[in-house]
Amino acid sequence: MIEKENTMSPDYVVKSVPSMRLVAQTATADADRISEYIGPMFEAVAAGLRDICGSLSTPIATYAETDAGVDVLVGYAYAGLAPEGAEVVELPDATAVCGAHVGPTTRIKESWQDLHRWVIDRSGP
């Protein structure tokens, strides 16, 4: 049990988030293998933005369950052109449940499960 502590922030916040332009990568992952995607995707996008001052200051990830798995989008808020290996994604205004994963990406699945339980507990299955 101690190993599982502190993988997700204990507080979730439901809030309105403004539209945002990202330079990102997207993928559909099996929920059991999601940690294999997150780190490498962030690293790939960051590699193209490293030399641009301030471009790595706002990392963002979104997740959506689908019949095919979990649609994952990871990237950084950025107004410039997308570097090779990334794409520009416009996120619309939305209401989101926000939290922060704390720890290595190899344990992101635990945070995803904690968030999922939090949503189910408040809205039902």
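Guide: In this predicted model, Ala77 is placed in strand β4. Its relative accessible area is 25%; because buried means under 20% and exposed means over 50%, Ala77 counts as partly exposed. Leaving aside residues up to four places away in sequence, Ala77 touches Met20, Arg21, Leu22, Ser55 and Thr58. Of these contacts, Met20 shows how the fold brings separate parts of the chain together: Met20 and Ala77 are 57 residues apart along the chain, yet 6.8 Å separates their C-alpha atoms.

Helix α2 comprises 16 residues, 108-123. At 1.5 Å a residue it should span 22 Å, and its end C-alpha atoms are 23 Å apart, which agrees with that expectation. The buried residues in α2 are Ile108, Ser111, Trp112, Leu115 and Trp118. They lie on the same side of the helix, because the arc they cover around the axis is only 125 degrees.

Val119 also lies in helix α2. With a relative accessible area of 32%, Val119 is partly exposed. Together with Val14 and Val97, Val119 makes a nonpolar surface patch of about 200 Å².

Conventions
Residues numbered from 1 in each chain as written. Predicted model: local features only at pLDDT ≥ 70, side-chain atom pairs only at ≥ 80, totals over all residues. Heavy atoms only, no water. Helix = DSSP H or I, 4+ residues; strand = E, 2+ residues; numbered from the N terminus. Expected span 1.5 Å × (residues − 1). Buried < 20%, exposed > 50% of the residue type's maximum accessible area, 1.4 Å probe, protein only. Arc of directions from axis to C-beta. Patch = residues over 30% accessible without salt bridge, like charges linked within 9 Å, V, L, I, M, F, W, Y side chains within 5 Å. Areas by Shrake-Rupley, 256 points an atom, 1.4 Å probe, with all protein chains shown as cover. Salt bridge = Lys/Arg side-chain N within 4 Å of Asp/Glu carboxyl O. Contact = heavy atoms within 4.5 Å.
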